[in-house]
Amino acid sequence: MSKRSPLALAVLALLAENPMHPYRMQRLITSRGKSDVINVTARASLYNTIDRLDRDGLVQLRETTREGQRPERSVYEITDAGRAAADLWMREMISAPKPDYPEFTAAVAHLPLLEPAQAAEYLRLRAAGIAAEIGRISAELDAAKGRLPRLFLLDTELILDTRRTELRWIDSVLADLHSGAMDWSRESLAQLSLTLEKPDEHPDTEEHTP
């Protein structure tokens, strides 16, 4: 079975609609507003994904076309194995929660590396960026509601709600940092580390020979 990825699923979903060439896939992902969840900024990633799906028998070359003086374009179509894989991936991705290990969460886990003032500064910058993103997504969603059914806007709704939740959380952390309810220093962290460290249940022992 080919390796599952959001981009691979997007390719199979598009080819389930119609056979098409990679450039059209990239353009449709962007024009449909799916570039917030599918990274197609690097076209090489799209071509590599299609090549992998082709090797694994999930898509296949249908024909090669040329329009005027433009370069030849390879048109791909989904196979029966590709349809089965897409169905399996959808079931697994929707029904089974899976840790994503996002970078931001990893950075938050190591926030004590920073001074409290630094942490607050960086979180304020992130909050400003998220607020701007919320404004952009909200405007796009409002504009799309009049011409698209909700079915095609569910991912945008989810992103918007996720960003709003994250912004509320950041605001709560900033409030605690500002009030002093959350504070730390290298000395306090060192003491806390000693307090939380569990003694080794099986300490190494050295054998002494008489």
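Okay, buried here means under 20% relative accessible area, exposed means over 50%, and partly exposed is in between, with a 1.4 Å probe and protein chains only. By that count, 29% of the 210 residues of the protein are buried.

A word on where this comes from: it's a predicted model, where local features need pLDDT of at least 70 and side-chain atom pairs count only at pLDDT 80 or more, while totals for chains, interfaces and linings use all residues. Residues are numbered from 1 along each chain as its sequence is written, and side-chain values use heavy atoms, with hydrogens and water left out.

So, the overall layout. We have eight helices and two strands, taking DSSP runs numbered from the N terminus, H or I of at least four residues for helices and E of at least two for strands. From the N terminus the order is α-α-α-β-β-α-α-α-α-α. The C-alpha trace spans about 80 × 60 × 35 Å along its principal axes.

Now the aromatics. Searching the whole structure turns up one aromatic pair, where ring centres of Phe, Tyr or Trp (its six-membered ring) must lie within 6.5 Å, and planes under 30 degrees apart are stacked, over 60 edge-to-face, the rest tilted. F104 and W169 have ring centres 6.2 Å apart and planes at 85°, so they're edge-to-face. F104 sits in helix α5 (residues 103–109) and W169 in helix α7 (residues 154–179), so the pair ties together parts 65 residues apart in sequence. W169 is partly exposed, at 38% relative accessible area.

Last one: L148, in the loop between α6 (116–145) and α7, is also partly exposed, at 31% relative accessibility.
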